[in-house]
Amino acid sequence: MRYRRAPTLDPLERLERVQRVTDTALSHLSVDDLLDELLERVREILDADTAAVLLLDESRNELVARAAKGIEEEVERGVRIPVGKGFAGRIAAEREPVALHKVDHSTVLNPILFQKGIRSLLGVPLVAHGDLVGVMHVGTKSRRRFTKDETELLQLVADRVALALRVRLSDRSRVVIEAFQRTFLPEVLPFLPGLRFATRYLPAATAVGVGGDWFDTFVLPAGDIVLVIGDVAGHGLPAASLMGKTRNALRAHALMGGTALDILTRADEFHRHFGEGELVTLLVGVLSGDLSQFRYASAGHPPPLVVGPEVAAFASDHGANPPLGLPQQPSFVEEEVAMPPGTSVLLYTDGLVERRGESLDSGLERLRVAGEKVLNGTALNDAITDLLERMIDGPRPADDVALMLLHRDATPATELEFAVGARARSLLTIRRAASRWLEDLEVPGPVATEIVMAVHEASANVVEHAYGPAGGTITISAKHEAEEVEVRIRDSGTWRGASRGDRGNGLKLMRGLMDSVLVDTSADGTVVLLRRGTVA
Amino acid sequence: MAEVRLEREDETVVAIITGEVDMSNASTVRQQIAESVTPGDDALIVDLSELSFIDSAGLHAMIALGTVLNERRQQLLLCLPQGSTIRRAIEIIGLPHAVSVYSDRSGAMEAVRESAMESRPIGPTENG
């Protein structure tokens, strides 16, 4: 068998070739243009007929054709090669250059190569900072033995490509990840007087892409608060998109009403029907609108840690607790946690309690001990930081960690202040917050209802008249002293005339229900001051 | 946020509203109720006694509905227990003659039957 052997390069020519592929002008190109240009140059320099780059898809452990010259079909057909299989797969698995002098079914997986009449192949791994990024290869239609010089030159190009890809892809994936994080984390934490939340998301130290942990919390129309924490196996965009899908489906399941168990069962059915066997664990909790009771159901998720004024314990975790979507519908169990004032509940993903070489039970015990010390209701965000320091070695955890801490205040606040967007849908939030606050203060029911109605009317006036379409905020501040409640409803808008007749009724209603109603309009906006004695 | 349950007794439509009605859903609720009344009906009873909240926009929607029905010689009767906050709100705002208030559904039903026998519009209401 005769091989065409490339002539040995003289040093000057070699240098010139190296310069062509390390040309700094290339650094300004986009990933696609860079690959395009480099592959063309590589093909010329090595006198090859084809040149191609395959990138590693970590989630599937496969190589995907990304750019090619001379065998463009490889990219067009979206060729995927499992790591370890065939020519490119072998390079990826061994992370070593491979030269092939016989191209057929037995040596390569991709039929396009031999269909195109490729007889010899040379491939090198794309490695950046020790991580495999993909594979680059060149092919010739004539039989050819590639020299050591040529192999080194191809590896030099590959190293440059790998670095560029690493930087640019991570730039791009960061943008995508941030976009995802924005969509999968709750837009706003529910606001309810007497209840405080803190949340945290820590990506794993080794994670390349975003992980599959998430949490969500929202208030249902009837006033119950839903808390969800879940974990989708894997990393990167596939995990993130499954998480997004599961999260949104769960909001829909919750909106249908029912108990935590009902919601979890729907999620299980959903995953069994629409999932593709991915491992998803999930915990759904429902906190009653009066904050007195927390009920949850879990699918493969560790139990919530409940820290009361006196004890720290895990909510009981008996019964079947398999992950979502198993072929046979398991019977999930609903647990109940009493929430007397001063109780904290911590929901978390298993990354918090898993440590190499440690059993899950010891991990849980470490969490219980740390939680007992730290979760006492003061400064929730600081408490989470403190807890993470105790639980995690080093700056970042080995696996992703998502945390959601809620705390029911031990004593009712005599003052209340919050701001919401001046939108019709904020009115429900305002009513909930006001009733919750008045209930904690033990203001008699009928009086509380009338105060809530008056506060609502004042706020509805702001929604309708204070701002233009650009919107603004409504600030509610209230205090309770000497058996009187005083509520200020403030906006910073310029009122457009009360155009519709029904709004006159709003003021009439406020005056009829409250002991006094004062409206103060200045250049800064309008303040409505409501006063009402709390003795029934 | 609010649910409307519809029942019918002869030529009377009974709409029971539960949940909360405010400016964000008042017109939807009004529309839902209005669509349940056919031209052949004598009266519409709207039962607000299970409602947990209604604001002035919601009450305005009820009043407007009463006015429209009145033009068609159909009656609107509201049900609200004595002493409830919503009833108080209605008393503060005041109702036009086209809308009357009863403490419960049976009282409202009886008023409808009486007016049908007398074949004249329903007379003065409990609260005038």
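You're looking at a predicted model, where local features need pLDDT of at least 70 and side-chain atom pairs count only at pLDDT 80 or more, while totals for chains, interfaces and linings use all residues. Residues are numbered from 1 along each chain as its sequence is written, and chains are lettered from A and ligands numbered from 1 in the order in which they are written.

**Stop one: the sheet in chain A.** Select the six strands that run in the order S4-S3-S2-S7-S6-S5; they make an open, antiparallel sheet. Strands here are DSSP E runs of at least two residues, helices are H or I runs of at least four, and both are numbered from the N terminus. Two strands pair if DSSP finds at least two bridges between them. The edges are S4 (80-82) and S5 (98-100), each pairing on one side only. Zoom in on S3 (residues 62-69) and S4 of chain A, which pair antiparallel over three bridges; A:Leu63 has A:Ile81 in S4(A) as its bridge partner.

**Stop two: a helix pair.** Show H11 (residues 426-440) and H12 (residues 445-465) of chain A. Their axes (lines fitted to C-alpha atoms over the stretch in contact, with angles from 0 to 180 degrees between N-to-C directions) come within 9 Å and cross at roughly 150 degrees. H11(A) and H12(A) are therefore roughly antiparallel. Color the contact by class and you get ten nonpolar, three polar and two charged residues. Nonpolar means Ala, Val, Leu, Ile, Met, Phe, Trp, Tyr, Cys and Pro; charged means Asp, Glu, Lys and Arg; the others, Gly among them, are polar.

**Stop three: A:His253.** Find this residue in helix H7 (residues 236-255) of chain A. A:His253 counts as buried because it has 23 C-beta neighbours inside 10 Å; the cut-off is 20 or more, with 12 or fewer for exposed and partly exposed in between, using C-beta atoms placed from the backbone. Beyond four places in sequence, A:His253 is in contact (C-beta atoms, placed from the backbone, within 7 Å) with A:Ile263, A:Arg266 and A:Ala267.

**Last stop: the interface.** Bring up chain B: 14 of its residues are in contact with 20 residues of chain A. Helices H2 (56-71) and H3 (85-93) of chain B each supply at least two residues of that side.

Note on methods
Contact = placed C-beta atoms within 7 Å. Parallel < 35°, antiparallel > 145°, perpendicular 65-115°, else oblique.
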